[in-house]
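I opened this entry to record what I looked up in the structure.

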Amino acid sequence: MLSTTITIYEISHQGKLLRKQVHSVPGFAFIHDFAITPNYCIFFQNPVQFNPIPYLLGLSGAGECINFQPEKPTKIIVIPRGEKGKIQYFEMPLGFVFHHANAYEQEDTLFVDSICYESLPQVRPNEDYRETDFSALDPGQLWRFSLGLTTGKVERQKIESRCCEFPALHPNYVGRPYRYLYLGAAHDAEGNAPLQAILKLDLNTNQRQLWSAAPAGFVSEPIFVPRKNAITEDDGWVLTVVYNSENHRSEIVILDSRDLSKGAIARLYLKHHIPYGLHGTFVPC
C-alpha cells in the first residue's frame, strides 16, 4: 500500500536540533503547508492521486500528473509534538487546502483556520494562464475547522466568503488564540478573481477592512510587521508588493495595519516589475 513519510524537525533559535520525528501515513500526501500549536502539528491530506511515471519519462509536468478526487474526503493528520501520544486522523467533506492561517488549542479541541477550495482544477498541457476564466474556478475561502480530540468529530464554519489567499498574522500569535488576520483578496465580494486587495479580519467582532489596488493593481502576499513596543495585536504595518499593470512596474505598498482605510501611507516605486511571487517575510536589520 502506498504511504507517505512525514519528517518533522524542531530547531531552536540558535540552530540546534531539539527534536526529530518520522511518521509514515497511509496514501499519497499532497501537503503544501501545515499548522502548529504548542502541542500538535496539523497536516491536511488533500484528496488527490499522483502518477509520477509521465513526469519521470519527461512526457508531462509534475502538476499534470496530479488528479483531484472529488469522491474522497480530505484527511486531517494530527501529530503530537512531544514524546507521548499517538497520531489522530480526522476526515472532513470535500475540500482542498494549500495554506493555513493559524491554529490553536482550547481544552480538548483544536481550531484550524485555513483557505479551502471546493476543488482543484486539472493542469493541462499547452494551457495559457492569460486565458484563464477565473469566474469558472472555485474561489479560496477562509474556513475554521474544529477538531474534537476526544470525540474524533470535525466541525467547520465559513469565516470569509470573499475570494482570498495568503493569510498573515502577528508572528507572536502563531499557534495561539488570535484576533486579527490579513489576506490577499479579490476586489469584489463575490466570485473568483485575481487578488487585487488586502483584507483585514477582526475575528472577535467579525468586522472587515479592505484596501484595494484595483483596477490596475495586483497584490502579493501581505506581510505583517509589528511595531516596536506595540501594545495591541494589530499595531504595526502591512507590506505588500503590488504589480501595476498600467506601467508594467511594481511597487512596495505600506499600510497602517490598524486602519486600512487610511490607504497607502508609503509607496516604494521600482523601475521595473517583479515577477509575480507567492511568499515573503520580514526580518529586522
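**Backbone, pocket and surface notes**

I began with Asn229, which counts as exposed because its relative accessibility is 70%, and the cut-off for exposed is over 50%. The model I am reading is a predicted one. I placed Asn229 in the loop between strand E18 (223-226) and strand E19 (236-244). Its phi is positive, about 65 degrees, although Asn229 is not a glycine.

I then looked up Asn206, another non-glycine residue with a positive phi, here near 70 degrees. Asn206 sits in the loop between strand E15 (197-202) and E16. With a relative accessibility of 51%, Asn206 counts as exposed.

Next I checked for a cis peptide bond and noted one between Ala214 and Pro215, with omega about 10 degrees. I found Pro215 in the loop that runs between strand E16 (208-212) and strand E17 (217-219).

I turned to the largest pocket and wrote down a volume of about 1700 Å³. Its lining comprises 44 residues, and those nearest the pocket centre are Pro121, Tyr129, Thr132, Phe134 and Leu137. I sorted the lining by class and got 24 nonpolar, twelve polar and eight charged residues. Strands E6 (66-68), E9 (96-106) and E13 (164-168) each contribute at least two lining residues.

Last, I looked at the surface. Tyr9, Ile11 and Leu17 make up a nonpolar patch there, and together they have about 340 Å² of accessible area. I located Ile11 in strand E1 (residues 3-11). Ile11 has a relative accessible area of 55% and is therefore exposed.

Conventions
Residues numbered from 1 in each chain as written. Predicted model: local features only at pLDDT ≥ 70, side-chain atom pairs only at ≥ 80, totals over all residues. Heavy atoms only, no water. Patch = residues over 30% accessible without salt bridge, like charges linked within 9 Å, V, L, I, M, F, W, Y side chains within 5 Å. Areas by Shrake-Rupley, 256 points an atom, 1.4 Å probe, with all protein chains shown as cover. Salt bridge = Lys/Arg side-chain N within 4 Å of Asp/Glu carboxyl O. Helix = DSSP H or I, 4+ residues; strand = E, 2+ residues; numbered from the N terminus. Buried < 20%, exposed > 50% of the residue type's maximum accessible area, 1.4 Å probe, protein only. 1 Å grid on protein atoms, 1.4 Å probe; cavity = no way out; pocket = protein on both sides within 12 Å on 5 of 7 lines; lining within 4 Å. Points joined across faces, edges and corners; volume = space filled by probe spheres on them. Nonpolar A, V, L, I, M, F, W, Y, C, P; charged D, E, K, R; others polar.
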